[in-house]
Amino acid sequence: MTVRRVVSATKVRRDEQGTMETRGTTEAELISRILVGETELFHELIRPYERMVYMTVFSVVKNEAEAEDGAQEAMISAYRHLASFRGDAKFSTWLVTIAINEGRKRLRKAKRAAEESIDEPTEGLEGEFTPALLTDWREIPSEALERKELREALRTAVAELPDIYRQVFTLRDLEELNVEETARALGIQPGAVKVRLHRARMMLQKRLVPFLKATAPSRGRWFGRAL
Amino acid sequence: MKLECKHVWEHISEYIDQTVDAKLREEIEKHLEHCEICSAVLDSTRNILVLTADGRTFELPVGYSERLHERLEEELKKKK
C-alpha cells in the first residue's frame, strides 16, 4: 500500500506528518495506558488530531459552531469506545470515521431527511470537466494568504463543492488521508474516492483560477506590490 | 499517438498523485513540454491545492482546543 500525497502539499506539511508518524509506537502505548486507568493521557493522545477531527466534521456539516460541537462529541465518543479500537486500522482513520459519523448524525438531525442523495451531482461517471484555460499562470505565493479575501474565496469555493466531493477533498487534500483510508472512513469504494477527488480538484481549479488570475500581479512585481 | 489536451485534463488528478502508469506519465510529460495551456492548468491546480491546504485558509475557531480539552476533562473525571 502506498501513501500518495499531493507533491507540493507534502512539502508544506511533512513536519507535521513526520511528528504523527514517529508517534506511532507511543500512540499504542498511550492507548494501553489509558485503558488501564491513566485516563488523563487521552488529552495527549488526541492532541495531534484536533484539527483533523474538526475539519472532518466541518466537511459534513458546513457550519463552524456545529463542527466544533460535533468534534467534541466525536472525541468523547472515541474516549468512551477506546477499548473497541483494535489497531488494525490507524488510530487516525478510526477517529476520522467517528467524526464522519458524528457529522452525518448531526446533518440528519438538522435536515430530518436523506442527505447525500439530494446533493448527488447529475454528471454521469464519464462526465467531462473543462478546466479554466489560461496561458500566463503565475504562482500565487503563500504570502497572499495574508489577504482575507483570498482566504475567503478559497473557503467559499470548497464550501460550495457538492457534499460528496467536499468530503473526499477534505480528507484527501486537506487532511492527507490516503485513498484507502478515505474510502474506509466514508464507506465508499477507493475508485469513487479517486473520481470524486479529481472532480473536486477540477471544480476548484475552474472556480478559483479566474479569481486568482485577477489578483495575481504582473511577473516580478509581486513583492513590490502593496497587499 | 499524440495526446490531446482533453486527455491530459482527465488524468491531471492522478498525475498530481503520481498514480498514472509509466507510459501515460511519459506521454503527459511530453505533452506538457510544448503545451502552455496544459502546463498552466497543472500548475494552477497544484497551486490551489497548496493554498487550500495551508492552515491559514481554514482556521480553527479561536479557543477551540481549550474548550475541547475542558469538555474532555469533564468526561474523564466522570469515569474516575
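Predicted model: local features only at pLDDT ≥ 70, side-chain atom pairs only at ≥ 80, totals over all residues.
Across the interface of chain B and chain A, 17 residue pairs are in polar contact, counting pairs in which both residues reach pLDDT 80 or more.

Of the elements of chain B, H4(B) gives the most, with 15 residues. Sorted by class, this side of chain B comprises 18 nonpolar, 12 polar and 15 charged residues.

How many residues of each chain take part in the contact? On chain B there are 45, and they are in contact with 61 residues of chain A. The size of an interface is often given as the accessible area lost when the parts come together. Here chain B and chain A bury about 5200 Å² between them, and 63% of that area lies on carbon and sulfur atoms.

I turn to the charged pairs. Between chain B and chain A there are six salt bridges. One salt bridge joins Glu75(B) to Arg80(A), with 2.8 Å between the closest N and O atoms. Over all chains, the structure holds 20 salt bridges.

The side chains of Arg106(A) and Glu102(A) meet at 2.7 Å, N to O. Both residues belong to helix H6 of chain A and stand four residues apart, about one turn of the helix.

That helix also brings me to my last topic, the packing inside chain A. Helix H6 (residues 91-111) of chain A packs with helix H10 (residues 179-186) of chain A at an angle of about 40°, and their axes are 8 Å apart. The crossing of H6(A) past H10(A) is right-handed.

Which residues meet there? From H6(A) come Thr93(A), Val96(A), Thr97(A), Ile100(A) and Arg104(A), and they meet Glu181(A), Arg184(A), Ala185(A) and Leu186(A) of H10(A). By class, the residues of this helix contact are four nonpolar, two polar and three charged.

How values were computed. Residues numbered from 1 in each chain as written. Chains lettered and ligands numbered in written order. Heavy atoms only, no water. Contact = heavy atoms within 4.5 Å. Buried area = accessible area lost by both parts, 1.4 Å probe. Salt bridge = Lys/Arg side-chain N within 4 Å of Asp/Glu carboxyl O. Polar contact = N/O pair within 3.5 Å; in protein donor to acceptor, adjacent residues only side chain to side chain. Helix = DSSP H or I, 4+ residues; strand = E, 2+ residues; numbered from the N terminus. Nonpolar A, V, L, I, M, F, W, Y, C, P; charged D, E, K, R; others polar. Axes fitted to C-alpha atoms, helices over the stretch in contact; angles between N-to-C directions. Left-handed = near helix turned anticlockwise from the far one by under 90°.
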